[in-house]
2 protein chains.
Amino acid sequence: MSDDRVRATETSIRILEAIVELDGEAGITELAGHLSVAKSTIFKHLNTLESNGLVVETDDRYRIGLRALEFGGYAQRYDGVYDTAYPEVRQLAEDSGELANLMFEEGGKGVYVYTAEGPKAVDINTQTGRRVYLHATGIGKAILSTLPDERIEEIIDTHGLPAATDHTITDSGRLFDEIEQIRREGIAYDREESVEGMACLARPLSVPGPRPAAISVTGPASRVMTGETEQQLRTYLDQAGNVIELNLKG
Amino acid sequence: MSDDRVRATETSIRILEAIVELDGEAGITELAGHLSVAKSTIFKHLNTLESNGLVVETDDRYRIGLRALEFGGYAQRYDGVYDTAYPEVRQLAEDSGELANLMFEEGGKGVYVYTAEGPKAVDINTQTGRRVYLHATGIGKAILSTLPDERIEEIIDTHGLPAATDHTITDSGRLFDEIEQIRREGIAYDREESVEGMACLARPLSVPGPRPAAISVTGPASRVMTGETEQQLRTYLDQAGNVIELNLKG
DNA sequence: GGGCCCGTTTCGCGTGAGAAAACATAGAAA
DNA sequence: TTTCTATGTTTTCTCACGCGAAACGGGCCC
């Protein structure tokens, strides 16, 4: 593996990131300051990005262009899992009343690829495309459970085990214990490990192709983790997962 | 307006486009051939894109990475219109039973930003992020109707009026006539102008911010354009539009 | 009118983007 | 087995171009 890079491309990408960091909108001088790069450089890059639709300008303010969404769409639908899974995830949201999610793993992180809100769903911050640590959410741990141990080690080495709440698993040993349990039981729990007050039930998906996936139901810990509802949710979750896996085989 | 560009960035973008053109997956030599660029160049660019998550590699095959989806998400949600509109568009799909869409204009083209399928919806090719000509669809014409005439001329100059079917409007005069009518009546029709056999009712959205938007219902011409259902659909469409506009004001 | 703060443009330097070709590896063919 | 041919990878070289610094010009507010 060589680390030959194209600096100019990297600069362009950093500009995109900077726009996001500056609340989705920024001017040239602002970006130059933020990135410590000459204004003229920013100017040329924005010109290039704009004429390719990756950036849009209104009144000298630049924002991310919808062209990015087009590329993102291809990433989303790459292996067909998204297409067969999302209707079931939607159904899962309806049945459970809560928030239901589909996640893929890429580069050692989890990416929310589809989220659906049921009638009772709390409005939490799970937007399509959001990247999160795998160890800190139920759905992420479900994905980890499908990976070989060496790969999990690798991911821990790269990204570490930062804490999101007081309940986040930050110890590699405990994480592996829990993953072992998930492998046995086929279900992953998240007890306020990613967001205070929120819990989640998740289930790995056995998919063809190289991209690990999982689904989950998320809600207030008070609702989700009480014995009765938990059983019910678990049934819905398993149903959805089974249907997806079945359809993928077909 | 200067046309100063960053060539390297442009090369990177062309590589992303090429991956899409090569059915979403390609190898280095393949890309080099497709773009007539040296293999070593492709190699370095892919390295750069990969380490930024814009491209993912498995077994020497490269595909678009989900990082693009993250950027796309910011573009989608930029002005808040998406957030308030999509639940209503979903509702519209449920009520009408057909396919319902939300579109934004950017760079003179229309981008499907959200699509929802109702119970009877035909499975047509409207995926999130897809870019289409504005003059060739009902929802696109609805968007055009919100723009000043000079801007419309500008768009015609840039993109032309290519035909998608035999019914596509390819004459600038006729297009302006129809846009005038849409402005008066507040509704746009698409009678097999973008896809043979499909029709659509669309309505412009009056939104704050710089990004024109519209919503639509699409279905088989036989269902959508018959007097009775058409009236019904129109009611649903107007309802949805009104709710969205109301919520945006709040 | 005079600051001041933008985006835009110019210019020149030094580097790194890109081509060409050699190298490595793995699978297929002989 | 050996050879051939397809990859991806690495090296070398060089000229174009990415980049920074600084000057320019327009709009806004005092």
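View 1. At 34% relative accessibility, Asp149(B) counts as partly exposed. Partly exposed is the band between buried (under 20% relative accessible area) and exposed (over 50%), found with a 1.4 Å probe on protein chains only. Arg183(B), at 30%, is also partly exposed. The two form a salt bridge, with their closest N and O atoms 3.0 Å apart. Here a salt bridge means a side-chain nitrogen of Lys or Arg within 4 Å of a carboxyl oxygen of Asp or Glu. Arg183(B) sits in helix H8 (residues 172-185) and Asp149(B) in helix H7 (residues 149-159), so the pair ties together parts that are 34 residues apart in sequence. Helices are DSSP runs of H or I with at least four residues, strands are runs of E with at least two, and both are numbered from the N terminus.

This is a predicted model, in which local features need pLDDT of at least 70, side-chain atom pairs count only at pLDDT 80 or more, and totals for chains, interfaces and linings use all residues. Residues are numbered from 1 along each chain as its sequence is written, chains are lettered from A and ligands numbered from 1 in the order in which they are written, and side-chain values use heavy atoms, leaving out hydrogens and water.

View 2. Side chains of opposite charge can pair when their charged atoms come close. Glu106(A) and Arg211(A) meet in a salt bridge at 3.8 Å, N to O. Glu106(A) lies in strand S3 (residues 99-106), while Arg211(A) lies in the loop between strand S7 (198-205) and strand S8 (213-220), 105 residues apart. Both residues are buried. Glu245(A) and Arg203(A) form another salt bridge, at 3.1 Å, N to O. Glu245(A) belongs to helix H10 and Arg203(A) to strand S7, so this pair joins parts 42 residues apart in sequence. Glu245(A) and Arg203(A) are both buried.

View 3. Tyr236(A) lies in helix H10 (residues 227-249) of chain A. Its relative accessible area is 23%, so Tyr236(A) is partly exposed. Leu92(A) is 144 residues away in sequence, yet 6.4 Å away in space, C-alpha to C-alpha. Leaving out residues up to four places away in sequence, Tyr236(A) touches Leu92(A), Asp95(A) and Ser96(A). Contact means heavy atoms within 4.5 Å.

**View 4. Where chain B meets chain A.** Each chain brings residues to the contact: 57 from chain B and 57 from chain A. The area buried between them is about 5,100 Å², with 63% from carbon and sulfur atoms. Leu66(B), Leu69(B) and Phe71(B) supply 14% of the area that chain B buries against chain A, more than any other three residues. Buried area is the accessible area (1.4 Å probe) that two parts lose on being put together, summed over both. Two salt bridges are counted between the chains. One joins Arg67(B) and Glu17(A), at 3.1 Å, N to O. Glu17(A), Arg67(B) and Glu70(B) are linked in a network of salt bridges.

**View 5. Thr9(B) at the contact with chain A.** Thr9(B) is found in helix H1 of chain B. Thr9(B) is buried, with a relative accessible area of 2%. Which residues does Thr9(B) contact, leaving aside its neighbours within four places in sequence? They are Ala8(A), Thr9(A), Ser12(A), His45(A), Thr48(A) and Leu49(A).
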